[in-house]
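This report goes through selected charges, contacts and distances in the model shown below.

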4 protein chains.
Amino acid sequence: MNEPATARRHQAEQRRLQLIDTALAVFAEKGVDGATVKDLSQAAGVAQGLLYHYFRSKDELLEAALERHYFLPELRRITALDRDRPAAEVLLEVVTRLAAMFRQHHLFMRVVLRESLSNPLVVERLERGRREAVRVLGDYLDSRVAAGELRPHDTETTARILAYAVAAAHLVGTPSDDFLPALVDTVLHGIIAQP
Amino acid sequence: MNEPATARRHQAEQRRLQLIDTALAVFAEKGVDGATVKDLSQAAGVAQGLLYHYFRSKDELLEAALERHYFLPELRRITALDRDRPAAEVLLEVVTRLAAMFRQHHLFMRVVLRESLSNPLVVERLERGRREAVRVLGDYLDSRVAAGELRPHDTETTARILAYAVAAAHLVGTPSDDFLPALVDTVLHGIIAQP
Amino acid sequence: MNEPATARRHQAEQRRLQLIDTALAVFAEKGVDGATVKDLSQAAGVAQGLLYHYFRSKDELLEAALERHYFLPELRRITALDRDRPAAEVLLEVVTRLAAMFRQHHLFMRVVLRESLSNPLVVERLERGRREAVRVLGDYLDSRVAAGELRPHDTETTARILAYAVAAAHLVGTPSDDFLPALVDTVLHGIIAQP
Amino acid sequence: MNEPATARRHQAEQRRLQLIDTALAVFAEKGVDGATVKDLSQAAGVAQGLLYHYFRSKDELLEAALERHYFLPELRRITALDRDRPAAEVLLEVVTRLAAMFRQHHLFMRVVLRESLSNPLVVERLERGRREAVRVLGDYLDSRVAAGELRPHDTETTARILAYAVAAAHLVGTPSDDFLPALVDTVLHGIIAQP
DNA sequence: GATGAATGAGTGTTCATTCAT
DNA sequence: AATGAATGAACACTCATTCAT
């Protein structure tokens with residue numbers, strides 16, 4: 001007997017997601033402050049007031065958007081590395097996947113980066129992702145050092161070099177196809193001429 | 001008879017610079033949109049109207065601040081590298097100087113990064129600095145390849161790795177003392193265990 | 001076959017009364033303007049839309065509440081005085097009953113007083129009650145003058161003094177037990193020392 | 001050298017007072033909640049924004065209006081009674097002055113009474129005035145009892161009867177010329193026929 | 001009968017900018 | 001040069017009311 005109610009609830013949930021998704025796009029385009037509630041509602045094709053039926057404030061809408069598109073779990077999957085496979089094989093794979101992830105969530109990334117200097121909510125989320133990525137990558141490198149494939153060295157710095165390079169390349173523009181292999185090659189073999 | 005006029009002009013110039021410098025600080029703290037004209041004038045200890053005596057608009061004040069603190073010339077000095085000195089010596093020097101420069105101009109950097117996704121004026125400036133740094137660094141690396149110190153490789157990518165790493169490390173927080181040497185060491189010698 | 005219809009109608013009437021009563025309480029607490037339709041529906045535990053099934057508008061709900069709780073008939077019963085009983089006996093009785101009536105209908109009174117300066121509907125209702133009370137009380141006093149118990153005087157003013165005192169005392173806070181007897185005593189005997 | 005600045009400051013002060021006075025009138029007419037900022041600014045013939053140059057919020061404007069028109073000092077002057085003059089002379093004088101004061105500050109009174117059930121700021125102010133009036137009047141009556149002019153009785157109640165009657169009469173409409181003398185006469189001599 | 005999604009006009013407030021002094 | 005009063009177009013948000021289900 002509550003099937004109609006279920007249908008309604010489903011429709012409401014769809015509307016909620018639609019509002020979140022269009023909001024993310026608008027936030028990415030104009031910035032959070034730059035995006036007016038009018039912008040947001042027009043982009044979704046609804047009246048301004050409806051936003052406040054679903055979210056208490058513009059800020060709560062932002063929060064919901066960040067929540068929905070947060071990719072930490074995905075990042076974990078990407079960096080769940082098989083410690084027995086050689087770095088020469090694995091590192092290119094992981095930076096490629098990272099780059100793909102950035103491409104896919106580029107709206108989210110734009111918003112996060114833009115707000116990361118002002119919005120404390122965002123700062124924390126960004127920082128958590130960064131730490132997670134660097135830590136997992138560093139652990140993997142340590143295990144490859146232990147396996148004798150890599151020489152003993154400051155693995156955390158290596159992890160950072162890789163992560164920063166992929167992230168920065170993505171921000172500056174889509175990195176060319178050559179960039180990622182060259183990055184991994186440089187980090188693995190260095191640039192000093194072999195004697 | 002024009003000495004007082006000169007004095008006046010001098011005083012006006014001082015006031016102009018004061019307005020610019022306090023504005024940069026306020027922009028860095030609150031963001032360009034977040035900083036109201038009232039904030040700016042109060043920080044400088046003057047009336048709101050005075051800002052419009054020196055600058056046509058809030059945006060022009062931003063422009064003037066970016067102009068005044070733009071560090072491209074300084075970047076050029078830093079990257080004016082002696083092509084005959086070995087990379088093993090030079091690279092640590094240059095990343096250290098880059099890091100110092102970021103530290104020194106951190107207010108400017110905060111403003112530029114925050115606005116880089118929205119303000120086209122800023123985008124262009126940032127991009128020019130980036131390209132300049134990467135190009136000069138790349139050229140230097142090429143010359144060291146030619147000199148036989150470095151193996152033939154994708155020098156632009158190396159230049160990017162270095163620049164991105166220094167910039168990103170600075171953004172995330174002040175890099176530790178170990179980071180820069182480790183960065184250079186990794187890039188020079190790679191991380192693969194020697195056979 | 002119309003018994004269920006009767007039951008339904010009965011239930012509907014109950015719901016109507018419930019909405020009215022909770023509305024009166026909310027109006028008293030927050031004021032008519034201050035009470036939102038959401039407040040009203042939440043207080044009644046129903047959806048907003050339902051209010052519009054029973055009442056055409058928020059204002060009509062207010063009207064219904066004023067209608068339902070209007071105490072003019074009760075006021076008439078209270079002031080239906082036996083003209084042959086002495087004032088010394090009757091007056092304390094009537095002010096006591098008046099005070100009790102104010103206490104009992106204090107939600108209604110709060111709403112009425114709050115709106116009496118803006119809502120013409122309310123103004124009229126309040127004024128009618130006031131006039132009725134003063135007139136009936138005045139008539140009674142006249143009859144006691146005719147009976148020789150009271151001296152000839154401006155009985156309307158006396159009626160007002162009594163009514164205003166009880167009403168104002170109630171508004172300022174619940175009057176102490178002493179107030180009403182002292183009020184009647186003062187009005188009856190005055191405060192001038194007897195020669 | 002600051003004369004022009006003084007003139008400007010003076011003009012600003014005049015504007016401030018004008019805004020307060022027109023606001024009081026609008027608040028009295030439409031109620032505080034019912035008066036929009038647009039109403040207030042239009043009544044003063046200025047742009048909406050200007051209100052916020054002088055007052056932080058609509059509420060602060062209300063506060064300023066209440067402050068400016070608060071008549072407690074005037075009430076004190078009115079009730080600074082000569083304790084040696086007979087009550088038969090003094091009481092009519094004081095209720096007449098009270099009535100005149102109510103007439104003069106009727107805008108203020110309307111606002112205060114309307115908000116007294118919701119705005120705590122207003123409640124406190126009203127209560128203070130009421131207590132002050134009742135206390136001073138009661139003290140005076142006590143001294144007349146001591147002087148033997150008045151019989152020993154509950155003087156606070158008498159004070160309340162007088163104050164409530166004048167206030168209520170004013171609220172209900174302007175009291176007729178007869179009301180005040182009749183009020184004082186009744187309170188002084190009572191209404192019981194002399195034996 | 002009952003729900004709550006949806007509307008849109010209107011609210012108090014902010015703010016870059018102008019201008020008379 | 002310097003002030004700050006004044007403007008008016010936004011802005012985020014509220015709310016009585018409507019309507020499809």
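A residue is called buried when its relative accessible area is under 20%, exposed when that area is over 50%, and partly exposed in between, with a 1.4 Å probe and protein chains only. The model is a predicted one, in which local features need pLDDT of at least 70 and side-chain atom pairs count only at pLDDT 80 or more, whereas totals for chains, interfaces and linings use all residues. Residues are numbered from 1 along each chain as its sequence is written, chains are lettered from A and ligands numbered from 1 in the order in which they are written, and side-chain values use heavy atoms, with hydrogens and water left out.

**A histidine in a loop of chain D**

D:His153 sits in the loop that runs between α8 (120-146) and α9 (155-172) of chain D. Helices here are DSSP runs of H or I with at least four residues, and strands are runs of E with at least two, numbered from the N terminus. Because its relative accessibility is 17%, D:His153 counts as buried. Two polar contacts are described for this side chain. A polar contact is a pair of N or O atoms within 3.5 Å; within protein, one must be able to donate a hydrogen and the other to accept it, and residues adjacent in sequence count only if both atoms are side-chain atoms. The side chain of D:His153 reaches the backbone oxygen of D:Arg151 at 2.8 Å, and a contact of 2.9 Å joins it to the side chain of D:Thr158.

Helix α9 of chain D also holds D:Arg160. D:Arg160 is buried, because its relative accessible area is 18%. Between D:Arg160 and D:Arg131 there are 9.5 Å from C-alpha to C-alpha, with 29 residues separating them in sequence.

**Salt bridges**

A salt bridge is a side-chain nitrogen of Lys or Arg within 4 Å of a carboxyl oxygen of Asp or Glu. Over all chains, the search of the whole structure finds 64 salt bridges.

| B:Glu93 | B:Arg85 | 2.7 Å |

In chain B, B:Glu93 is partly exposed because its relative accessible area is 28%, and B:Arg85 is partly exposed at 26%. In chain D, D:Arg85 is partly exposed at 26%, as is D:Glu93 at 29%. In chain A, salt bridges with shared partners join A:Arg76, A:Glu132, A:Arg135 and A:Asp139 into one network.

B:Glu127 and B:Arg131 both belong to helix α8 (residues 120-146) of chain B; they are four residues apart, so about one helical turn separates them. B:Glu127 has a relative accessible area of 23% and is therefore partly exposed. B:Arg131 is also partly exposed, at 48%.

**An arginine in chain C**

C:Arg97 lies in helix α6 (residues 87-104) of chain C. Its relative accessible area is 36%, so C:Arg97 is partly exposed. The side chains of C:Arg97 and C:Glu93 are joined by a polar contact of 2.8 Å. C:Thr79 is 18 residues from C:Arg97 along the chain, and their C-alpha atoms are separated by 8.9 Å.

C:Ala165 is part of helix α9 (residues 155-172) of chain C. C:Ala165 counts as buried because its relative accessibility is 1%. Its C-alpha atom is separated by 30 Å from that of C:Thr22, 143 residues away along the chain.

B:Ile191 is placed in the segment after α10 (179-189) of chain B. With a relative accessible area of 0%, B:Ile191 is buried. The C-alpha atoms of B:Ile191 and B:Phe71 are separated by 34 Å, and the two residues are 120 apart along the chain.

**A negative patch from chains A and B**

On the surface, A:Asp33, A:Asp59, A:Glu63, B:Asp33, B:Asp59 and B:Glu63 gather in a patch of negative charge. Patches are made of residues with over 30% relative accessible area and no salt bridge, like charges being joined within 9 Å and nonpolar side chains (Val, Leu, Ile, Met, Phe, Trp, Tyr) within 5 Å. Asp and Glu count as negative. The α4 helices (58-69) of chain A and chain B each supply at least two residues of the patch. B:Glu63 lies in α4 of chain B, and at 35% relative accessibility B:Glu63 counts as partly exposed.

Methods: Areas by Shrake-Rupley, 256 points an atom, 1.4 Å probe, with all protein chains shown as cover. Charge placed at Lys NZ, Arg CZ, Asp CG, Glu CD.
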